[in-house]
Amino acid sequence: MTRVEVKPGDGILVTRNLTKIYGERVALEKVSVAIEKGKTTVIIGQSGCGKTVFMKHLIALERPTEGEVFFKGQRIDQLHNHELAEVRTSFGFCFQMGALFDSLTVYENIIFPIQQHREIKDFKVLGELVKLKLALVGMDGYQHQYPASLSGGQKKRVSLARAIALNPEVVLYDEPTTGLDPITSDVINELIIKLQRELKITSVVVTHDMKSAYKIADRIIMLHRGKIAADGDADYIRNHPSEVVRQFIEGRIGEADLAALRLGGTKFPTQFQPEDFSGT
Amino acid sequence: MVTLAVWRKFKQQVEHLGRFSRFSGSAFGAMGSSIAHPKTYPLVWTQMNIIGVKSVPVIMATGAFVGMILAVQAYSQLAAMGLEERLGVLINIAVVKELGPVLAAVMLAGRVGGALTAELGTMNVTEQIAAVESMGTDPIKYLVSPRVLACLLLTPVLIVYADLLGILGGYFVSVIQFKINSGAYWDYSAMGVELWDVGTGIFKGFFFGGAIALISCYKGFTCREGAQGVGEACTEAFVGCFISILALNYVFAVILDAIYKTFWPLRPLL
Ligand SMILES: Nc1ncnc2c1ncn2[C@@H]1O[C@H](COP(=O)(O)OP(=O)(O)OP(=O)(O)O)[C@@H](O)[C@H]1O
Ligand SMILES: [Mg+2]
């Protein structure tokens, strides 16, 4: 594959030769991506391939071992935290596990970014704002509950509402539909599409869910072991020649992995089955 | 091999110290700016309530028992020499100078230090601290500075409570149980205990409080993943606080003693 050089001004978010190494483990290796403004970019890949790490680099929550990250042409990976604060208000980040503040109610969680960065004092306005954001994700009416009393999927939706509280230019979603039922998943898909169409929000979505990926993506990037394995629109990915990509999108285990699994065996002397006891 | 391991361990400790210093530095910076921004005061009030107000009963109990125990232990020694009326000086100096401040700080380290580390540690492993950061808010400003500020400002106040109850505890045991003349008890106490003793005891509280909050918050922010990580961080935080309180107290004993000897005799000249 010929590597295309990316330049800082090629998109709203650009990474160049992004490399991240944790101790001995290479989480990302020379990832160069230019994310287009106003489009939805989906990142797919097997568990542990570096998707979350990649997303965190986009708002400098993690700092690269090597390489550069640009937002609107400005290099952000070396900025100090106080300089980043300004940049980060243009982003919404929806964490994989929700990361809601569990000592605050749903309402307080959502007004948190607003209180930090906007001078809105009127409680009526704030209340309306929260209601609006929660209604978008179908969670209106849960304002006064604590995150501990919500289900996993509900937490995720509230966290999504919090991510879009400041009307950001870019929203980064880390597996927004994982763990949701098919119908709620589709609500989230439609929401991402709606935000992109109506507010021209740039979305970067990490997902395992190919159905959702095909539906929302303008472009799909597949990561494999910290490197880009494929990059193109939905049709390109659907008909990708590479075996690694085909296996992933069809959800099929590789021949080598299968052989290893067969060889491994599953029954240990200490592991008994119910029928082992029925013979006597 | 052994020297290599020792060297590595040493390097690790120095690194930790460096990180802790940077953390403390940015915490103090954030505190400075949060004093200038009344918007952040509610956060400090909340923490003051959790850290300070709710610690009052346990601190008072600690103080009272310290005074009472000192009275019981010292009485027989002094009575053997016929000096039982001096009991007040001994108890009150010990309470206001050392035992009140140190034991109040230790109680606070146990009550507050562990809770702060557990709270921030859990926030760390569930990515809530990263979430604060991702929304463009400095987590040190939002989470650490109100806690340090509350602890730093309220520890001296709590020490006053411990002192007060220590003095009362000692008094009641001495006067009611040992039938010491109340007037003599107070007279000797007033002669022996100087403003300097009370003042330095309370002054130390700022440093004890700051150390407790900084160490606990640092341990929470740097805690490792998982329930075990949080547990370990809590233990380390408590041990760290405890050692720092004792070490700080030693440093203060040396420094304050030198200052006292140099300047206190000059007091009448002012
Ligand atoms: N803080 C960290 N310290 C050490 N290693 C890390 C850290 N964060 C991630 N890694 C490693 O980096 C690799 C990529 O992790 P990442 O979280 O990006 O996976 P992922 O693609 O998001 O997987 P999943 O789909 O399961 O969420 C993993 O092998 C992981 O062990
Ligand atoms: Mg992930």
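Across the interface of chain A and chain B there are 2 salt bridges, a salt bridge being a side-chain nitrogen of Lys or Arg within 4 Å of a carboxyl oxygen of Asp or Glu. One joins the side chains of Glu127(B) and Lys56(A) at 2.5 Å, N to O. This is a predicted model, in which local features need pLDDT of at least 70 and side-chain atom pairs count only at pLDDT 80 or more, while totals for chains, interfaces and linings use all residues. Residues are numbered from 1 along each chain as its sequence is written, chains are lettered from A and ligands numbered from 1 in the order in which they are written, and side-chain values use heavy atoms, with hydrogens and water left out.

**Interface of chains A and B**
- In chain A, 20 residues are in contact with 14 residues of chain B, contact meaning heavy atoms within 4.5 Å.
- The two chains bury about 1600 Å² between them, 54% of it on carbon and sulfur atoms, where buried area is the accessible area (1.4 Å probe) lost on being put together, summed over both parts.

**Magnesium site**
- The protein donors of the magnesium ion (ligand 2) are Thr52(A) through OG1 and Gln96(A) through OE1, at 1.9 to 2.3 Å; donors are N, O and S atoms within 2.8 Å of the metal (3.2 Å for Na, K and Ca), and since water is not among the atoms, sites may look incomplete.
- Thr52(A) is partly exposed at 22% relative accessible area, and Gln96(A) is partly exposed at 24%, a class lying between buried (under 20%) and exposed (over 50%), with a 1.4 Å probe and protein chains only.
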